[in-house]
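Dear colleague,

My notes on it follow, and I would be grateful if you would read them beside the model.

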Amino acid sequence: MARKVFTSFHYVPDNWRANQVRNMGKIEGNSIVTSNKWEEVTNGGDSAIEKWIDNNMYGKSCVVVFVGEKTAGRKWIKHEIKKAWKDGKGLVGIHVHNLKDSDGNQAEKGRNPFEDFTVNGKSLSSIVKCYNPPYSTSTNVYSHIEDNIEDWIEEAIDIRANN
């Protein structure tokens with residue numbers, strides 16, 4: 001049975017890539033947000049965005065960060081990572097830069113967003129896994145993620161339970 005997860009990603013450049021993974025049928029969780037809905041949320045300001053995140057993260061056992069070229073360091077990605085850890089949820093990153101976007105383009109590998117945090121004096125990136133599929137062809141990256149994402153999520157939940 002697919003786990004209920006919250007997916008975190010940089011909307012504009014990586015929405016297409018994130019939807020490819022979400023549509024694999026391996027995870028359940030927050031539904032795909034249209035650009036109109038996301039614009040409606042963001043027009044409500046920071047409090048509306050925070051409320052949307054809180055509501056959509058509620059009841060999820062894990063947060064999966066789809067790491068694109070410019071994901072690390074973004075305000076709301078950082079908020080989601082911090083909240084996931086604070087709430088005791090599993091946390092895992094997956095580099096998606098080699099999945100093609102809607103125009104058929106791939107991107108450069110982005111920095112690990114967990115490097116921005118420390119937990120009890122240790123870098124969060126030394127605790128939380130951030131997987132980088134070992135392929136450059138989009139179809140192979142897709143297959144690698146599809147074959148492994150459920151195990152990565154279970155592992156992330158175990159890691160959080162032990163840290």
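Helices (H or I, at least four residues) and strands (E, at least two) are taken as DSSP runs and numbered from the N terminus. The model is a predicted one, in which local features need pLDDT of at least 70 and side-chain atom pairs count only at pLDDT 80 or more, whereas totals for chains, interfaces and linings use all residues. Residues are numbered from 1 along each chain as its sequence is written, and side-chain values use heavy atoms, with hydrogens and water left out.

F66 is placed in strand β3. With a relative accessibility of 0%, F66 counts as buried, the term buried being used for under 20% relative accessible area, exposed for over 50% and partly exposed for values in between (1.4 Å probe, protein chains only). Contact is taken as heavy atoms within 4.5 Å. On that basis, and not counting residues up to four places away in sequence, F66 touches T7, S8, F9, A18, V21, R22, T71, I94 and V96.

T71 counts as buried because its relative accessibility is 0%. Residues up to four places away in sequence aside, the contacts of T71 are H10, D14, V65, F66 and I77.

A72 is also found in the loop between β3 and α4, and its relative accessible area of 18% makes A72 buried. Beyond four places in sequence, A72 touches R111, N112, P113 and D116. The C-alpha atoms of A72 and F9 are separated by 9.5 Å, the two residues being 63 apart along the chain.

The loop between β4 and β5

N112, a contact of A72, lies in the loop between β4 and β5. Is N112 buried or exposed? N112 counts as buried, because its relative accessibility is 15%. A polar atom of the N112 side chain lies 2.8 Å from the backbone nitrogen of F114. Leaving aside neighbours within four places in sequence, N112 is in contact with A72, S125 and C130.

E108 is found in the loop between β4 and β5 as well. E108 counts as exposed, because its relative accessibility is 56%. Residues up to four places away in sequence not counted, E108 touches E69 and H97. N98 is 10 residues from E108 along the chain, and their C-alpha atoms are separated by 7.8 Å.

The turn to β6

N120 is found in the loop between β5 (118-119) and β6 (122-123). N120 is a residue other than glycine with a positive phi, near 50°. N120 counts as exposed, because its relative accessibility is 79%.

The nonpolar core

A nonpolar core is a set of buried Ala, Val, Leu, Ile, Met, Phe, Trp, Tyr and Cys residues joined through side-chain atoms within 4.5 Å. The largest such core has 46 residues, and L91, L124 and I145 are those with the most contacts inside it. At least two residues of this core come from each of β1, α1, α2, α3, β3 (62-67), α4, β4 (90-95) and α5 (138-161). The largest share, 8 residues, is supplied by α5. Residues up to four places away in sequence not counted, L91 touches C62, V63, V65, I81, A84, W85, F114, L124, V128 and A156.

The largest pocket

On a 1 Å grid over the protein atoms alone, a cavity is a set of points where a 1.4 Å probe fits but cannot get out; a pocket is an open set with protein on both sides within 12 Å along at least five of seven lines, and lining residues have an atom within 4 Å of a point. Grid points are joined across faces, edges and corners, and a volume is the space filled by probe spheres set on the points. The largest pocket holds about 360 Å³ of space. Its lining has 21 residues, and F9, H10, Y11, W38 and W76 lie nearest the centre. Two or more lining residues come from each of β1 (3-8), α1 (11-22), α2 (35-43), α3 (45-57) and α4 (75-86).

With kind regards

Key:
Polar contact = N/O pair within 3.5 Å; in protein donor to acceptor, adjacent residues only side chain to side chain.
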